[in-house]
Amino acid sequence: METVLISVLNGLVYGMLLFMLASGLTLIFSMMGVLNFAHASIYMLGAYLAFTVSRFVGFFPALIIAPILCGLIGAAIEIWGLRRVHHNGHIAELLFTFGLVFIIQRLVQMTWGMLPMAYRVPPSLDFPLFVLYGANFPAYRGFMLLVSAAMLLGTWLLLKKTRIGLIIQAALTHPQMVSSLGHNVPRVFTTVFAGGCLLAGLAGVIGGNYQTTEPGMADSMGPIVFVVVVFGGLGSLAGCFIASIVMGMIQTFAVVIDYSIADLLRPMGLMLTGDTLLTEVLTVPVARIGALLPFVMMVTILFFRPRGLMGTRDT
Amino acid sequence: MTSSIRRLCFAFVALSLLAAGRPAVAEDTIKIGYVDPFSGPFASGGDEFLKVFGYILQKINADGGALGKKFELVPFDDKLQPAEALIALKNITDQNIPFVMQCTGSNVGAALVDGVSKHNARNPDNRVLYLNCGALATELTNEQCDFWQFRFTGNVEMRAVARIKALPKDITKVYLLNQDYLFGQSIQHDTRKWLAKLRPDIQVVGDELMPFGKVQDFSSYVAKIKASGAQSVITGNYNRDLNLLIKAAVDDGLNVRFDTYLAHLIGGPTAIGSAGEHRLSSITEFHPNVPLELNKPDAEAYSNGWRANHDTDFSEVPFLTMLQMLARAIDTAGSTDALKVALALEDMKATDLVGSPVQMRKVDHQLLMPYYAASFTKDVKYDAEKTGFGWKTDFIASTDDLTLPTVCKMKRPAS
Amino acid sequence: MKSRWLILALIAVAIALPWCFYDWGHHRHAGFLLSMLSQMGMMVILALSYNMLLGQAGLFSLCHATFFGIGGYATVHLLNAVGAGDVPVPMELMPLLAGLSGLALAILFGAMATKQRATAFAMITLGISELMATAALMFHHFFGGEGGVTTNRMIENSLFGLTYASGLQVYYLILAWTVLATGLMYYLTLTPLGRMANATRDNFERAQFIGYDPRMVRFLQFALSGFFAGIGGGLYAITYEIVTFDALAAPLSANALLMAYIGGTTVFGGPILGAILITLLQSGVSLLSNSWLVYVGVMFIAMVIFAPTGLAGIIKAHGPIRHSGRLGSLVVPYLRLVIPSLGLLLGFVGLVELMSFLTIGAAQGKKLVLFGGPVDVHAALPWVVSGGSLILGALWLRWEAAGFHRIWENLTAEVRR
């Protein structure tokens with residue numbers, strides 16, 4: 001019982017971090033149809049920028065400044081890069097963001113060096129919030145939950161209650177119509193792209209000291225974020241939220257499960273002997289492949305429902 | 001028609017010339033081809049080692065080099081991929097460079113052992129020696145041993161013995177957590193083997209493999225470790241897989257020791273920081289406080305010479321030992337011919353920077369050397385990577401302690 | 001015909017090339033050159049087979065290296081079996097068996113992936129790629145874990161009595177198979193399947209109206225591209241005698257994409273050009289600079305923005321002008337473009353190398369040598385020269401490009417008349 005409760009909490013925290021990162025990508029993906037491969041790189045930039053800024057003015061100002069810087073960088077990328085590539089098709093946009101990944105990684109290595117940065121949790125948040133079944137729940141994790149919830153609320157309010165939000169929502173599903181109505185759709189695109197990058201930067205500020213800040217961090221977060229976005233579906237922030245939590249829970253719970261397919265077969269009287277490839281595959285415990293389950297789920301859902309979980313538009 | 005074909009052929013030839021053109025080989029230095037990743041996500045290792053080699057070569061060349069010539073490193077980027085390393089090997093043999101050295105990754109190491117062996121068999125007039133300074137897999141000096149390879153770093157089994165011997169006597173329950181690939185599985189296997197032999201009183205309450213480099217959230221693993229009641233976690237994890245694990249344990253308030261193999265790897269102390277105090281131990285080849293503990297002022301001065309100009313620590317004493325032994329072997333052999341140098345190098349005895357005896361064992365070409373099990377603490381004179389915490393030796397596994405049996409049966413060349 | 005002579009000439013050049021660089025002093029071939037040429041051959045097959053999906057069928061696949069890798073693994077196991085005397089298969093037929101293993105896996109995965117198209121297809125292939133790469137690390141029996149599987153290619157079973165001890169013989173084997181595979185893939189584009197693949201790429205709804213099932217077309221194209229990729233993997237195994245999980249990992253798929261796109265996806269020969277260029281860049285430039293990833297990334301982005309048809313596309317666009325014999329009138333405008341381009345390029349390379357040296361290289365104890373001369377990073381002059389060259393080059397190029405564009409438009413309009 002206690003394992004379940006603790007795992008739920010941990011899964012929630014991880015899922016919310018994923019959501020922070022994936023929400024920006026969903027917005028960009030739904031709006032422009034381009035899967036921004038460089039999104040995790042912006043996440044990495046956010047962490048590095050927060051590290052540098054916090055060395056001068058402290059963590060909390062960095063929490064505001066670093067995401068804004070990322071948003072500005074995103075706007076620059078969109079205006080001078082993506083916009084030009086747009087008329088060459090979706091694949092060209094994908095490839096463009098793909099090339100950005102290499103460049104950003106090398107730039108980060110050149111600017112900050114190749115070793116991890118000592119980006120630490122601020123001392124004001126470095127204490128246990130409460131104790132659950134003997135395990136500490138650190139205050140910083142509570143802070144992460146708070147920020148991501150605030151971000152979710154803020155994004156939802158922006159989209160549903162403001163005028164620009166209405167336009168964005170419309171452009172999410174019917175971009176041509178919105179353009180015909182006279183709105184400056186390219187500017188909306190830039191705003192959304194910059195906004196997405198701002199969210200990624202914010203995730204980086206929070207996540208950078210939860211994990212480690214190093215040039216390889218984009219490569220590790222990248223694939224799982226794409227899975228979340230695709231699984232949640234195009235055009236749906238709610239779908240993205242559900243997908244993030246589900247993926248977070250699955251990965252957290254999978255670690256706790258030490259059974260394998262062979263264990264399922266044993267009560268049926270099927271014993272696996274010998275040292276073959278088949279035995280190897282069937283005796284792998286679920287805990288070992290936990291990190292792979294999201295990919296399996298993504299492939300499965302795309303096979304049956306290409307719109308993803310709650311997608312409103314076809315890919 | 002013919003003109004455009006001619007133009008195309010010229011273009012093709014010109015392009016190829018561009019790639020095939022190489023600087024002329026100068027005859028006044030002894031070159032060593034150094035193959036490691038210098039670009040991409042794993043570049044930090046190769047980058048740091050190159051700087052360290054620069055420092056080491058200053059000393060070696062100042063001491064006279066070999067045969068009156070200085071040593072020179074020629075770096076090649078393998079991007080941590082075996083195919084690239086093999087292409088680099090071709091480049092090295094084309095330039096008649098007699099030695100190839102590699103310090104990161106057992107996958108590349110295995111490819112080089114095989115590649116060098118085949119090259120030497122097929123090209124007896126242009127042989128190279130492979131100096132292995134960082135591919136740790138035990139198999140490379142056991143089942144896959146080769147005459148042309150010399151390993152100048154402790155293999156996984158040696159480190160496992162050091163690790164087990166260094167465990168405090170009051171530990172009775174351990175949890176094994178390792179990365180799910182050859183290296184991690186090899187650590188798992190050798191740790192269990194030597195736990196059974198040396199500390200049968202210890203109970204293994206958990207033994208787990210986790211996906212390499214893919215886990216972002218270690219809180220579930222921490223929960224499992226807590227539920228098992230283990231007092232110590234023995235792990236071969238490194239970089240992110242270790243840093244995040246320790247952070248998660250500290251966040252959770254779990255009071256458990258981390259008896260690791262590679263926490264001292266570059267970037268580790270910076271990322272772990274205060275989370276490691278009073279609970280972290282690692283198996284190091286050398287750390288800045290060893291000369292103090294063994295009272296060797298020369299070694300201390302040498303280590304400080306590096307620290308004065310860098311934020312990182314000098315810990316690569318085996319690299320220094322390797323190049324010193326190589327220089328001696330070349331002098332003894334009177335040339336850089338691979339076979340002569342190999343015959344001079346195997347069975348060579350030497351002393352390392354702090355005066356410990358080491359030996360290049362003839363039967364498997366594994367360097368027998370000591371390891372220092374050290375804890376991460378504030379109570380030291382020299383800290384690690386300017387974090388305020390440093391390594392303090394708890395236990396020295398001597399060269400004799402780590403002289404282990406081998407199953408190697410290498411084929412020796414006829415001439 | 002003209003193109004046939006061109007192709008024969010290229011093959012002749014490829015055969016003769018190792019002899020142009022024979023090292024007469026040491027009486028041996030330049031090993032590095034042979035390695036690079038062999039690598040080019042494999043990459044040509046990989047890029048062409050990838051273009052069967054990207055360029056011809058409009059499918060953006062992210063798991064192409066999976067079939068290359070499976071071909072490689074199957075071949076090493078086969079070579080080991082032949083070496084142990086269990087199976088009598090001659091070396092020359094190995095790539096065919098490798099191709100068949102690629103085909104089998106592509107049929108299996110294709111059944112899943114080709115049910116969708118466009119982005120959903122890409123995401124499924126991404127999932128497949130991640131799964132296979134991790135499985136390769138976990139399961140030792142077939143994949144050998146991190147160390148991979150090694151073999152010895154001197155299996156003493158050959159149709160022509162060759163031992164394949166020397167790199168030269170391996171290169172000729174690769175060349176033969178590359179020519180064969182290229183020919184087959186070209187032939188495929190002329191078949192109804194090839195044409196229908198183009199049709200479903202352009203307008204899959206319309207293709208359905210004609211009566212063809214786009215799903216079937218995608219599936220067949222996917223399976224066949226897996227076959228050819230497997231052939232490439234087999235050649236890889238024979239050359240390097242070791243296959244590790246890198247042979248099926250994402251970076252290799254990314255490479256295939258890069259080569260096909262830069263070479264040009266709209267022309268059949270484009271990926272060939274791309275494969276040769278990228279191999280040269282990766283093997284050659286990485287010897288000169290550790291920032292080669294930046295150059296590749298920038299070149300890639302520049303291509304995506306300014307030349308989406310790739311290099312071959314640009315060459316093909318000159319076709320009508322060449323036919324009317326007016327190519328000569330482009331020489332001067334091109335020359336006028338070349339000089340500012342060179343300035344821009346040199347300025348960019350200079351800045352990147354200076355920056356990289358400042359933060360990374362200096363500590364590595366190297367001395368910066370740019371364009372043949374030693375350079376002091378801390379002096380202002382190199383920075384000013386590079387920066388100035390970059391900015392001036394960019395401005396001048398922009399001005400010249402406008403002029404060139406005008407001339408080009410006029411010429412094309414004239415030629416069309």
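Q: Hi! Where does C:Leu337 sit?
A: C:Leu337 belongs to helix H16 (residues 331–361) of chain C. Helices here are DSSP runs of H or I with at least four residues, strands are runs of E with at least two, and both are numbered from the N terminus. This is a predicted model, where local features need pLDDT of at least 70, side-chain atom pairs count only at pLDDT 80 or more, and totals for chains, interfaces and linings use all residues. Residues are numbered from 1 along each chain as its sequence is written, while chains are lettered from A and ligands numbered from 1 in the order in which they are written.

Q: Thanks. How many C-beta neighbours does C:Leu337 have inside 10 Å?
A: C:Leu337 has 17 of them, so it counts as partly exposed. The scheme calls a residue buried if 20 or more other C-beta atoms lie within 10 Å of its own, exposed if 12 or fewer, and partly exposed in between, with C-beta atoms placed from the backbone.

Q: And which residues is C:Leu337 in contact with, leaving aside neighbours within four places in sequence?
A: Those are C:Glu400, C:Ala401 and C:Phe404. A contact means that the C-beta atoms of two residues, placed from the backbone, lie within 7 Å.

Q: Zooming out, how is chain C divided?
A: Chain C has domain 1 (14–310) and domain 2 (318–416), with bounds from an automatic or database domain assignment. The centres of these two domains, taken over C-alpha atoms, are 33 Å apart.

Q: Why is chain C described as compact as a globular protein of that length?
A: Its radius of gyration is 24 Å, close to the 22 Å that the globule rule gives for 417 residues, so chain C is as compact as a globular protein of that length. The radius is taken over C-alpha atoms, and the rule is 2.2 Å times the number of residues to the power 0.38. Chain C has 17 helices and four strands, and 49% of its residues are buried.

Q: Switching to chain B: what are its domains?
A: Domain 1 covers 26–154 + 298–369 and domain 2 covers 157–284 + 371–397. Their contact takes 11 residues from domain 1 of chain B and 15 residues from domain 2 of chain B.

Q: What about chain B against chain A, how many residues does the contact take?
A: It takes 31 residues from chain B and 29 residues from chain A. On the chain B side, helix H7 (219–228) is among the elements giving two or more residues, and H7(B) provides the largest share, seven residues.

Q: Is strand S8 of chain B covered on one face or on both?
A: Both faces of S8 (residues 232–235) of chain B are covered. B:Ser232 and B:Ile234 are buried on one side, and B:Val233 and B:Thr235 are buried on the other. In a regular strand, side chains alternate between the two faces of the sheet.

Q: Which strands are joined to S8(B)?
A: Strand S6 (residues 173–179) of chain B is joined to S8(B) by four bridges and runs parallel. Four bridges also join S8(B) to strand S9 (residues 257–260) of chain B, again parallel. Strands pair if DSSP finds at least two bridges between them. In S9(B), B:Asp259 is the bridge partner of B:Ile234.
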